[in-house]
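Me: Could you show me how to read a few features of a protein model? I'd like the general idea and then the case itself.

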Amino acid sequence: MSEEILFKTIKEIPPVDYYVSGRRTCAGCGPALGYKLVAKAAGPKTILLGPTGCMYVANAHQFLTSPYALPWYHAQLGGGGAAGLGTAAGLRALMTKGKRKKEDINVVVYGGDGGFADIGLAGLSGALTYDYPRLLFVLYDNEAYANTGVQASSTTPWGAYTTFTPWGKIKRIGNDRLKKNVALIAAAHPGIRYVATACVSYPLDLMNKVRKALNAGGPTLIHLLVPCPKGWFFDAKDTVKVGRLAVETGMWALWEYDHGKFRLTVKPAQRKPVKEYMRLQGRFANLADEDIEYVQKLVDQEWKYWEEMDKLGKLILPWAR
């Protein structure tokens, strides 16, 4: 059972890991770091589910190795929502019929862009309307389909290069769609108890949100930003730095929606220019200064809403393009 006690310092984090050696992820892999932190926060009485994605390919696809020190099973790319729901329902049925002793068991589904933002969004939405406790969906967002060659997804940011949004003589910029906010979609589900955003560069914030989600009393979602050296084209040693810059520039807001109460969990004292974040990544290398300014204006506009929501303690109208 995950403990309800939240971590105050790094020293309070237990040394035991449930995501260990045996994986084949890239150097500096943000999604792997996220898996390690989420599993550690959830604790030993946890079942992990992995819809198809880069974490499935790198961790359990072949070669008969596995980094999971917890029960784990694979779900199809669009089936993470239904698989998580079915697992929680099965556990409840076994306990109700007396075929298994009653105890708190966490079900954590760790899915990527396709698993929860695109192909699997319908199943995720359906699962969030039920009442099963200790059912947590973690969208690890590396802003592309990294398992099949870094193609654009609906969470790819404006201007980013992917193999589906390449630069060229006709089109100077990469992706021209704005990033989808899956956490806000989840928060729109009536009666949902807990929704949050997180980033692997803020481990205590992430792990405490996992604990809160698992103890919230119903299905929950954490939208987790995970920098990807391969897809974002930055040096593998800079994964944590890139994630921190995403938050410090306001490109990624850290917030939680806890039983109807909204709050920012990290408030940059003075947001850094988005240029510091974007110029560190090769996927934005073709953007001109005026393109960066366009992104800066979008971020400035969005932050008026984040700060107002934090001030009021509730969700308000989203922004429009």
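Reply: Helices (H or I, at least four residues) and strands (E, at least two) are DSSP runs, numbered from the N terminus. This is a predicted model, where local features need pLDDT of at least 70, side-chain atom pairs count only at pLDDT 80 or more, and totals for chains, interfaces and linings use all residues. Residues are numbered from 1 along each chain as its sequence is written, and side-chain values use heavy atoms, leaving out hydrogens and water.

Me: Which residues of helix 1 and helix 7 meet?

Reply: From helix 1, Leu37, Val38, Lys40, Ala41 and Ala42 meet Pro203, Leu206, Met207, Val210, Arg211 and Leu214 of helix 7.

Me: How do the axes of helix 1 and helix 7 cross?

Reply: Axes are lines fitted to C-alpha atoms, for helices over the stretch in contact, and angles run from 0 to 180 degrees between N-to-C directions. Here the axes of helix 1 (residues 30–42) and helix 7 (residues 203–214) cross at roughly 45° and come within 9 Å.

Me: Is glutamine 76 buried or exposed?

Reply: Buried means under 20% relative accessible area, exposed over 50%, partly exposed in between (1.4 Å probe, protein chains only). Glutamine 76 has a relative accessible area of 57%, so this residue is exposed. You'll find glutamine 76 in the loop between strand 2 (72–75) and helix 3 (80–96).

Me: What does glutamine 76 touch?

Reply: Not counting residues up to four places away in sequence, glutamine 76 touches Pro51 and Thr52. Its C-alpha atom is separated by 8.3 Å from that of glycine 50, 26 residues apart along the chain.

Terms used
Contact = heavy atoms within 4.5 Å.
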